[in-house]
Amino acid sequence: MDIGSLTVRAAIDGLRKRQFSSVELTRAVLDAIMARDGVIGAYLWVDEADALKQAAAADAARAGGSDGLLLGVPLAIKDILNVEGQPCTCASKILAGYRAPYDATVIARLREAGAVFAGRTNLDEFAMGSTTENSAIQLTRNPAAPDRVPGGSSGGSAAAVAGGMALAALGTDTGGSIRQPASNCGCVGLKPSYGRVSRYGLVAFASSLDQIGPMTRTVEDASLLLGVMGGRDPRDATTLDRAVPDYAAALGGDLTGLRLGLPKEYFVTGLDPEVARLVQDAVEACRRCGAEIVEVSLPHTEYAVATYYILASAEASTNLARFDGVRYGRRSAVPADTPLDMYLNTRAEGFGREVKRRIILGTYVLSSGYYDAYYTHAQRVRTLIRRDFDEAFKRCDALLTPVSPDPAYLIGATAEDPLKAYLIDIFTVTANLAGICGIAVPCGTTRAGLPVGLQVLAPAFEEGTLLRIGHAYEQAREARP
Amino acid sequence: MKQTYRVSIGLEVHIQLKTQTKLFCGCATSFGAPPNSCVCPVCLGYPGAMPVMNREAVRLTLVSGLMLGCSINTTSTFDRKSYFYPDMPKNYQITQYDKPLCLDGTIDIPLTDGGRKPIRLIRIHLEEDVAKSMHEAGWSGVDFNRAGTPLMEIVTHPDLSSADEAAAFLTALRQILLYVGVSACNLEEGNMRCDVNVSLRPPGQDTLGTKVELKNMNTISGTHDALQYEIERQSAVLDAGGRIVQETRRWDVDNGVTIHMRSKEDAHDYRYFAEPDLLPIVTPPDQIDAWRRSLPELPAVRRERLARQYDIPDYDAAVLAADRALADFFEAVAQRCGTGKTASNWIMTDVLRLVTAHETPVTACALTPDALGELIGLVEAQTINALTAKELLEEVFLSGGSPAEQVRSRGLAQVSDSGALDGWIDAVMQAHPKSVADWKAGKQAAAGFLIGQVMKASQGKADPKRVGRLLGERLAQQNG
Ligand SMILES: [Zn+2]
C-alpha cells in the first residue's frame, strides 16, 4: 500500500476486500506523518493511540458485518471543525486548551459512514489568510517546494493530501480557502454550493460565505466525500432540502453537449504567464473532450475582492466576539478589575495580527455612520455579482478559470503586504459571494515544478456538472503523458 | 416656582413566551433549575454552534400582535446586535431591528375617571434573553439557563402621561397576554420586565423633553413607584431652573429612589446587521387569517359583553372578565343555571372566597360549572338552604362530585314540612323560656337565637325562612 498515492476509492476497495485492515491503513498514514511532517508541518495535532483506537473499532465493526462507505478510512480535518473530544484551535492562541464538546454535522455524517479522524491540520488563524502563514501555531510548507507556502487558509489539509500524509482531508472555503491551496499544492479541492453542506460545528468566519468541502487526490474521491457530507441539516437553517445525488456514480463520459464559458475578466493583466498557459492547455483539453467553449463576461469581477473583504470582515467581527475568555479557551492571566479589562487583555493576547485587522475592519464597516457607505453598498454589489453569474450561466453550463493569479509564493513574500495578500483570492471569492459551487483540479506544473490548478465554476447545486467536468478533464490529462 | 409639567412615558416591555424550549435550541426553558443545567453549545455560544428558529415562539408573537391589533410583517428578519457583556454568550444578541414581526397596534387602558385611553404600540419583536450573573463575595459566576429564552418585546409610543397610566397599561397588557395564553406573565419569575422612558415638558411645548431611561423594572408596582419618584425628581430639577440630562437610571427598591447607571455618552453603537445564520420568517397570509379567526375576545370587550348579556354590575363583569378562565367558568355556570346574576353572585362571593382560601384557581379546583349550576338550582328550588349550600360548595370545590347526588345520598334536603318543624320549635321554646319571654317583649335578637337553635336541632336541614314564619305564628297564637 502506497499511502503517497492511495485514493479514498482504492482504500475503500482494499478495506472491503480485506487486503488491509483499517489499523494497517491508519498506521501507514501515521507513519507517513511521522516521516514527512517534521519538514512540512501540515498537522497541528495527531493522537496516534486515539486514531488507532478508532481504526480498531472500524475493523471490529466490519468483522461484525458493518459496511459503511468510509468504514475505516482515515481522514485529516482542518482544525476549525469540531470533532468531539479533539482540540479545535482554529490555529489561534485564543482557543488553546479547548476541546470540542460535540461533532460538527459533517463529522457526524462521516463518522456514521465509518471514517476515522486521524489528525487536525494547520490553517490561517480562524481561516483568515491565503498562505497559512497566519497560523499562530506553526509554519506549513508546500510539499512541492518546501521554501514556498501551501496556500491558505486550508494549507494544512492541502499539504497533508498533496504531501502523501492523508488520503483526503476536509477544508473550509470562505473566499477560496479550499480551491486556492489545492491549486498551490496540486490536489483536488471542492467548494460546494452555499446550503449544500451543513456548517453546524464549523467555527464561523463569515457565515454567509463559509462552506466545508473535501480536498482529495482525485475528483472521484471528492464526489464520494460530498455524497456523504451533503444534504439538509435541521441544525443549520441555511442548508437546503435538495436531494443529494450519487455524485460518484454519475461520473464518466466525455463533455459532449456541455458548453463551457471563459470569463474574459479572468484572463487579463496580472495573471502569471505560466499559469495562463497551463489553464489554456486545460481549456483545450476540455474542448477535445467534446465541450463547446464560449467567451462570457462577469463585469463586476473587479469589485469582488473589496466586496468580499467588507462582508466577510463584518460577519467575522461578530462571529469572533464570542471569544472573550468567559466560557472556554484561553483567558488572560493579567489581573483585571472589570469584565471589559478581562476581555481586552484576553483578546489582545489571544488573537493574531490578521484576525485583529479584520475584526477592526468589520467593526468599522458596521458602525453607525459608515454602515451605508460600506456594508449596504457591498451587499448591493454582491447582488450584481450574483446576477453576473446568472447571466453567464444562461449562456453556458459551467465556467473555466484559473484558481489563482500565481503559483505558490515564497514563504514571507506577502507577509508585510496585506493588500497584496488579499488579491490572491481574486478568482475564487466571487463563487462565495454568489453561493455557487467550484472545484480546483490540478492542471500541470510550472517549469519550476510548482502546481497550478484549473477552476471550474457551476451554478448553485450543480455539483454533479462540476464533478463531471473535473473528472473528464482529469482523465484526459492523465491519458496524456 | 413650582409648576405642572406634561409627562410623556414610553415603555419597552419584555415578555417571556410560554414555549417548552429556548428560541434557538432544544434546551428546556425551566425556571429555578440548578445553574447551567439547561444549556447546550447553541445557547452557550460555543464555537461552531448555530441557531435554529423555534417556530412556536414566532407563532406566539404573531398571535399576540393580532390580539393587540398590530399589522403583521409577512416577511420578517433577524439581526445581530453587538455589545460585550458577561451575560451574553456570543457577545451579540439575536433580535429584530428593521423588520420586526408586528407593527403598530393599540392597548386601551382604563382611566381613573372611568374613561378609557388608547396607547399606541410601535412594534413587537422577538429576541433571545441573556444569561444571569451571580455575584458572591470574592467571585462571580454566570448562569446560562436563561440565555436563549424567547422574549417578545413590546414598544409603545410615549403616550402614557402618569405613573398610574403606566401601571394600568402593564396591568391591561398582562391581562391580555394571559388571555391569549402566550406567556405566564409571572412577575416573580421575571416573565415580564420593562424599561421605561420618561420625559417632562412645560405645557405648551410641542417637542418632548429630555428623556431618562429606567432600566429593568420587574414589577408593576415598582414601575409605578419608580415613575412617581422620577417625575417628582425631574419636576424639582426643572422647578429649580436646572436641566435634565439624558441618562439611564435604575430603581433602588430598598431606598425608594432612582440611581444613575450610565449617561448618553456611554451609549453603544450596536452595529446591527442581518443575522446570516437564520432565514427570513415568512408567514403566509392564510395562516395569519386562521390565527386571527381563532383569537379570544379582548378582556375589555368581554367585560362589556358580560355586563350587558348577563345584566350584572360593571364591577362584577370587570372582576370576571379579568381572568379568562374565570370568565369562561362564569359563562358556563350562567348557561347551566339560566341566570347570570345569581351565577355571578355565587362566583363573586363564595367561589372567589374559596379560590383565595385554598389558593386554587377555578381551573385547578374540583368544582365544575355544571356542579355549581346544579347547586344553584337546588337553592333556587329550596331543596337545600343557603347554609347547607355553602358547606356543600366547599366540599365539591375540594373533592368534586355532584351536589344533587350528595343531597340525595346524605339526606341533606331541607325540611319544610310543618310536622317536623313544629316538633323542633316546641322543643326549643321549652328549652329556652327566657328567650321566648324576651322575644315576646319585642327583642328581635331573641328571634334570631331561637331560629338558630331550631336550625341546630335540625342539623341545618330546616328551612330557616319557614322556621321564622312558624315561630311568628306561634307568638301570635300565644299572644292571642
Ligand atoms: Zn441550548
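Trainee: Why is the site of the zinc ion called tetrahedral?
Mentor: In this predicted model, the angles among the four donor atoms of the zinc ion run from 99 to 114°.

Trainee: What makes the protein atoms at the zinc ion its donors?
Mentor: The SG atoms of B:Cys25, B:Cys27, B:Cys40 and B:Cys43 lie 2.2 to 2.4 Å from the zinc ion. The cut-off for S atoms here is 2.8 Å, so these SG atoms count as donors. Along the chain, the donors follow the spacing C-x1-C-x12-C-x2-C.

Trainee: How do you know that B:Asp277 forms a salt bridge with A:Arg199?
Mentor: The closest N and O atoms of B:Asp277 and A:Arg199 are 3.1 Å apart. The limit is 4 Å, so the pair qualifies. The count between chain B and chain A is one salt bridge. On the side of chain B that touches chain A, the residues are 19 nonpolar, four polar and five charged.

Trainee: What is the area buried between chain B and chain A?
Mentor: About 2,700 Å² is buried there, with carbon and sulfur atoms giving 60%. In contact are 28 residues of chain B and 37 residues of chain A.

Trainee: What is the mean pLDDT of chain B?
Mentor: Chain B has a mean of 91, and 98% of its residues reach 70 or more. The model scores ipTM 0.95 and pTM 0.90.

Note on methods: Residues numbered from 1 in each chain as written. Chains lettered and ligands numbered in written order. Predicted model: local features only at pLDDT ≥ 70, side-chain atom pairs only at ≥ 80, totals over all residues. Heavy atoms only, no water. Contact = heavy atoms within 4.5 Å. Buried area = accessible area lost by both parts, 1.4 Å probe. Salt bridge = Lys/Arg side-chain N within 4 Å of Asp/Glu carboxyl O. Nonpolar A, V, L, I, M, F, W, Y, C, P; charged D, E, K, R; others polar. pLDDT = per-residue confidence, 0-100. Donors = N, O, S within 2.8 Å, 3.2 Å for Na, K, Ca; no water. Tetrahedral: all angles 85-135°; square planar, octahedral: opposite > 155°, others 65-115°.
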